[in-house]
Amino acid sequence: MNIIEELEWRDAINQQTDAEGLKELVTEKKISLYCGVDPTGDSMHIGHLIPFMMMKRFQLAGHHPYILIGGATGTIGDPSGRTSERQLQTMEQVQQNVDALTAQMQNLFDFGGNDDVTMVNNYDWTHDLTLLDFLRDYGKNFNINTMLAKDIVSSRLDTGISFTEFTYQILQSMDYLHLFKHHDVQLQIGGADQWGNITAGLDLIRKKEGSEAKAFGLTIPLMLKADGTKFGKTAGGAIWLDPKKTTPFEFFQFWLNQDDRDVIKYLKFFTFLTQDEISALAEKVATEPHKREAQKTLAREMTHFVHGQKALDEAEKITSALFTGDVKNLTADEIEEGFKNMPTFEAPKEEKTSLIG
């Protein structure tokens, strides 16, 4: 089974620009591919993680991922999925976010001196570009009518879109062209909302490099829960990868509390378990749902992947203590983490209040 066949089994492919051509390419050789994230904040959340899980699968299959941090595009703002303009950040804030996301990516992809994954920043090849060069060398290759027809732009026409955000797809297209020419990157991966940006990049490559240029695009399905609501959101907000924003215990609990109807889908998407292992867990969901073995496995796999073994051990320790009521063996920090979002009650100092009802 090659990597594309595995992604198909995991229901992890939404659209492809040339399905047969890409499958043939990855069968013939190891390829370079890329996915980008803009530094609009100082942490990714689990929604950002979805396409990068696919990149990790390519890495494990022997292919070469390029992780692009959008130091340039992050100063502009991707209009995809938005109904209003982004608030522009200062260059200093963007750089702080670049540093934070870079550290998270290095943790997820285990760089460790390996040369099988590369980190790049699109600010490096755009910051010296003049306005005239941008208009002559790149703008001339984009038809306004085609740009207006893209979902990322057409969805904003009623509410309005600035020229700044309108040009975002040109900048992202320039990224793909640069990586194709200088690093032999032949595949871009993104979320379902990135289809318009990806195809714009492919159009630019073919105009600049010739119609026979072998470049491909692939998007990941929009992740929805069984009840139709958006995956990754809770009453408390997004589930962040930064342990200061979402503690490892909260992260562990998020995955542990997934619905039986969703858990196998998430095991396919987010873990590196084999087909046989996931099939065995699916059987347990069907025959012994009360044991929640699939959810426990999902929580362990994801917490270990994002936060490491020590954080997983602490999350399981806190979970066990709270379930049994035996909290005496928890440290002060573990108690604080476990009770972080628990309801609280402050009794007046002058009253003697029993903690035991």
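The buried residues of helix α4 pack against β2 (32-37), α3 (46-60), β3 (64-69), β4 (118-121) and α14 (293-307). Buried means under 20% relative accessible area, exposed over 50%, and partly exposed in between (1.4 Å probe, protein chains only). Helices (H or I, at least four residues) and strands (E, at least two) are DSSP runs, numbered from the N terminus. The model is predicted: local features need pLDDT of at least 70, side-chain atom pairs count only at pLDDT 80 or more, and totals for chains, interfaces and linings use all residues. Residues are numbered from 1 along each chain as its sequence is written, and side-chain values use heavy atoms, with hydrogens and water left out.

The buried positions of α4 are Val-94, Asn-97, Val-98, Leu-101, Thr-102, Gln-104, Met-105, Leu-108 and Phe-109. Helix α4 covers residues 91-109, 19 residues in total. At 1.5 Å a residue, it should span 27 Å; the expected span is 1.5 Å times one less than the number of residues. The end C-alpha atoms of α4 lie 26 Å apart, which agrees.

From α3, Leu-49, Met-53 and Lys-56 meet Met-302, Phe-305 and Val-306 of α14. Five residues of this contact are nonpolar, none is polar and one is charged. Here Ala, Val, Leu, Ile, Met, Phe, Trp, Tyr, Cys and Pro count as nonpolar, Asp, Glu, Lys and Arg as charged, and the others, Gly among them, as polar.

Ten salt bridges occur in the structure. Each has a side-chain nitrogen of Lys or Arg within 4 Å of a carboxyl oxygen of Asp or Glu. One of them joins Glu-316 to Arg-300, with the closest N and O atoms 2.8 Å apart. Glu-316 belongs to helix α15 (residues 309-324) and Arg-300 to α14, so the pair ties together parts 16 residues apart in sequence. Glu-316 is partly exposed at 27%, and Arg-300 is partly exposed at 33%. Lys-23 pairs with Glu-8 at 3.5 Å between the closest N and O atoms. This pair links helix α2 (residues 19-28), which holds Lys-23, to helix α1 (residues 3-9), which holds Glu-8. Asp-262 and Lys-265 form another salt bridge (3.9 Å, N to O). Both lie in helix α12 (residues 260-270), three residues apart, about one turn of the helix. Asp-262 is buried at 3% relative accessibility, whereas Lys-265 is partly exposed at 31%.

Positive phi values also occur in loops. Asp-11 has a phi near 55° and sits in the loop between α1 and β1 (15-16). Arg-292 has a phi near 55° and sits in the loop between α13 (275-287) and α14.

The protein chain has 16 helices and eight strands. Of its 357 residues, 46% are buried. Contact means heavy atoms within 4.5 Å. Among contacts with a separation of 6 or more, 76% come from residues 24 or more positions apart.
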